[in-house]
Amino acid sequence: VQLVESGGGLVQPGGSLRLSCAASGFTLRNYVMSWYRQAPGKERELVARISSAGGSTNYADLVKGRFTISRDNAKNTVDLQMNSLEPEDTAVYYCNARHRISSGIDYWGQGTQVTVSS
């Protein structure tokens, strides 16, 4: 089982990044997928979540209207499009998979760094 994030980097305020999470070793369509982030000195927080079939999404208030989560179960990928980035969005972003029935089955990626700075 593996979740591998990519797409992080350094971007100026107001810019955009697209994060991608590639899943392997399990059937993605059976999992609720989420993106979390953790800034230095802060707790990990939920950024966005998408249901197993992709019909429902939830966002943290701080990113609503700026971030969009999407998934492609056929390609085993989950993306996070981030627009209008702010310095406060600087964090390590993690991909999470949680089984849609057995919530104790839970996987994490290694994280990808996003830095928003001029």
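Colleague: In what order do the elements of the protein run from the N terminus on, and what makes a stretch of residues count as a strand?

Modeller: From the N terminus on, the elements run β-β-β-β-β-β-β-β-β-β-β, which gives 0 helices and 11 strands for the protein. Strands are DSSP runs of E with at least two residues, helices are runs of H or I with at least four, and both are numbered from the N terminus. This is a predicted model, in which local features need pLDDT of at least 70 and side-chain atom pairs count only at pLDDT 80 or more, while totals for chains, interfaces and linings use all residues. Residues are numbered from 1 along each chain as its sequence is written, and side-chain values use heavy atoms, with hydrogens and water left out.

Colleague: What makes β1 and β7 edge strands of their sheet?

Modeller: The sheet is open and has 4 strands in the order β1-β3-β8-β7, paired in the antiparallel sense. β1 (2–6) and β7 (67–72) each have a single partner strand, so one side of each lacks a neighbour in the sheet. Direction ignored, neighbouring strands of this sheet are turned by 15° against each other on average, the axes being lines fitted to C-alpha atoms.

Colleague: How do you know that β1 and β3 are paired?

Modeller: Two strands pair if DSSP finds at least two bridges between them, and β1 and β3 (residues 17–24) have 5, in the antiparallel sense. One of the residues involved is L3, whose bridge partner in β3 is A23.

Colleague: Why is the link of C21 and C95 called a disulfide?

Modeller: The term needs a pair of cysteine sulfur atoms within 2.5 Å, and C21 and C95 have an S to S distance of 2.1 Å. A search of the whole structure finds 1 disulfide. C21 lies in strand β3 and C95 in strand β9 (residues 91–99), 74 residues apart, so that the pair links distant parts of the chain. The angle about the S-S bond is -85°, and the link is left-handed.

Colleague: Are C21 and C95 buried or exposed?

Modeller: Buried means under 20% relative accessible area, exposed over 50%, and partly exposed in between, with a 1.4 Å probe and protein chains only. C21 has 1% relative accessibility and therefore counts as buried, and C95, at 0%, counts as buried too. Of the 118 residues of the protein, 41% count as buried.

Colleague: Which residues touch the most other members of the largest nonpolar core?

Modeller: They are M33, W35, L80, M82 and Y93, in a core of 28 residues. Such a core is a set of buried Ala, Val, Leu, Ile, Met, Phe, Trp, Tyr and Cys residues joined through side-chain atoms within 4.5 Å. Among the elements that give two or more residues to this core are β4 (31–38), β5 (45–50), β8 (77–82) and β11 (112–116).

Colleague: Which residues of β11 lie on its covered face, and which strands pair with β11?

Modeller: T112, V114 and V116 form the covered face, whereas Q113 and T115 form the uncovered one. β2 (residues 9–11) pairs with β11 in the parallel sense over 3 bridges, and β9 pairs with β11 in the antiparallel sense, also over 3 bridges. V114 of β11 is the bridge partner of G9 and of A91.

Colleague: How do you know that the radius of gyration agrees with a compact globule?

Modeller: Taken over C-alpha atoms, the rule is 2.2 Å times the number of residues to the power 0.38. With 118 residues this puts a compact globule near 13 Å, and the protein has 13 Å, so the two agree.

Technical notes: Axes are lines fitted to C-alpha atoms, for helices over the stretch in contact, and angles run from 0 to 180 degrees between N-to-C directions.
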